[in-house]
Amino acid sequence: MQTLVNKMARSRTMSKSKTKSTNVKFRDALTILLFIAPAFIVYAVYVLYPIFSTFRYSLHAWDGMSEMTFVGFANYIQLFQDAVFWTSLTNNAWVVIVSVFVQIPLGLLMALMLFAPIKGIRFMSSVYFFPFLMSTVAIGLLWVLMYDPINGIINQLVTLLGFESVSWLSQADTAMFAVLLVVVWQFAPFYMILFKAAIVGIPEELYEAAKMDGANALTKFIHITLPMLMPTIVSSSILAIVGSLKAFDIFYIMTGGGPNHGTELMGTYMFKQAFINFNMGYASAIAFLMFFIALVVTIIIQMLDFYRKKRGAYS
Amino acid sequence: MTATFKKIPLYVIALLLLVFTGFPFLYMLSTALKDQSSFFEAPFSFFTSFNLENFASVFEMGLTRYFFNSILISFLAVIIVMFIASLASYPLSRMKFKFNRVLFLIFISGMMLPIHATLIPIFKLTENIGLYDTLWALLGPYIAFSLPISIFILTQFMQEIPKSLEEAAKMDGCTHFGVFWRVILPMLTPALMTVLIYNFIHLWNEFIFALVLISSPESMTLPLGLQDFRGEFSVNIPGLMAALTLASLPILMIYLFSQEKVVKGLAGGAVKE
């Protein structure tokens, strides 16, 4: 390595007498190219090109093996008339809503508790973070066992309280709720650490000043903590929304989209159409719509953020 | 006295959260330590038996293989990502050129991308290059989908490194690669730690690519293997719990040994300093 660098350095000093600027420019261009190429090639092969392929496939009827037949936008037309697709879209919206309005507030509460002046909070805070470290598959299987109608611990508690035991995951009206609870359980700790980092960053003087003015804990929270955390709340919401649109693992493991499509998401529906029914064209149309929705949501969020910042600059 | 009295609600909330987050883990461990008959006799008793047999049988059923596969593919992918993402981040954060901004945006927009949008083409590509149903099928997708967050973290960090250091090295006759290798890379260590932890934990838990690209047990990673165990253990609930406990252990251990680093690593992608 050392000698190579030396050699390159020597050749550089020798070439200095020649047309210096074009040489340097060419060298810079070559450097940029060589530095970015490895990452870009992998990224192009596995991310960029597949998106175009997905769109191309979505215009065809295709079982994945035999010849494709071009059908134009027929897959999309069929998709918009497909009741299951609308169910899955609605369920995705539920995941978004629960993520933003349950998960994030719970994460904030957990983060605030980390600063509470009580004994044992260091230990508790370690435990609070556990769920986020477990693999989604393990989480899904664990909760399936906990929800089990006969041997599950949750139903044991339910019957202990004098109610009938519930088949949480195989009834349409409880399955979505049951899985969403697990989603909250898994991801609230993630928002906890984001909020913790933000709370640490709030200047202590603000609280001292408020104390002098005789503010109590609640006023301090509403007038100092909450406004100071606004940027984190916004960025957490972005992460929650984008993450929810991609949701797949936990639903696939726990219910597989059932019962009777009650917990179907765009992700699980696409997977079934592609790798169980081998409707690759139709599945590509779902996949491309997922991409399109994520794109539109991202652009809207960026624009809102842009205007928020712009307004902030004048106020 | 009133001060302690006032704290009671705080304790109540803290304990409720503790039960909510920690209880499933206790239940998992307690059940894993029961043998079949004592589970059916008393499925809800806590830590009444300490039987390690389940753990042994889980290993016999091939968990070791899944562990090995997961460690191998996650580490390999993360090491490659650390190298090529740092390389790409150098010009993206420190050099002026025409398509800099566009390229950067193309890279980081991958963070928003649903994996499903690439699934079928990657499945076909993997088949065509003959890697379907091997562990190596996962390498490309794992690297590619780790790049956006890694480039995001690394470019942010590199922007903070003063230009003067680089110029001093150039005066001494260093090439760009020399500057990168001897000046920038050593300073990147904290950011590279973040990249390592974040990506390792995510790849260790990755499920959907493994589900689509692998079907035979000898190539399975841990999450896929667990899903496979589910069928084998359909009646042996303590056995499945033992498998879940073992699968969760490595990351929990890493976390307990270096809590600060893991928390920082996982927040790394989202917290801007």
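Start by colouring chain A by domain: the assignment gives domain 1 as residues 21-58 and domain 2 as residues 75-202 together with 228-314. Keep in mind as you go that this is a predicted model.

Domain 1 of chain A and domain 2 of chain A have their centres 34 Å apart. Now select the residues where the two touch: domain 1 of chain A brings five residues to the contact, and domain 2 of chain A brings eight.

Stay at this interface for a moment. About 530 Å² is buried between domain 1 of chain A and domain 2 of chain A, and carbon and sulfur atoms account for 72% of that area. On the domain 1 side of chain A, the residues touching domain 2 of chain A are three nonpolar and two polar, with no charged ones. How many salt bridges cross the interface of domain 1 of chain A and domain 2 of chain A? The rule finds zero.

Now move on to the record's annotation. An unreviewed UniProt entry lists "transmembrane region" for residues 93-115, 127-147, 175-200, 221-242 and 280-301 of chain A.

- Then select residues 175-200 of chain A: here the chain is 100% helix and 0% strand, and the end C-alpha atoms are 38 Å apart.

Definitions and conventions:
Residues numbered from 1 in each chain as written. Chains lettered and ligands numbered in written order. Predicted model: local features only at pLDDT ≥ 70, side-chain atom pairs only at ≥ 80, totals over all residues. Heavy atoms only, no water. Domains from an automatic or database assignment. Contact = heavy atoms within 4.5 Å. Buried area = accessible area lost by both parts, 1.4 Å probe. Salt bridge = Lys/Arg side-chain N within 4 Å of Asp/Glu carboxyl O. Nonpolar A, V, L, I, M, F, W, Y, C, P; charged D, E, K, R; others polar. UniProt positions renumbered as here; feature names shortened; annotations may be inferred. Helix = DSSP H or I, 4+ residues; strand = E, 2+ residues; numbered from the N terminus.
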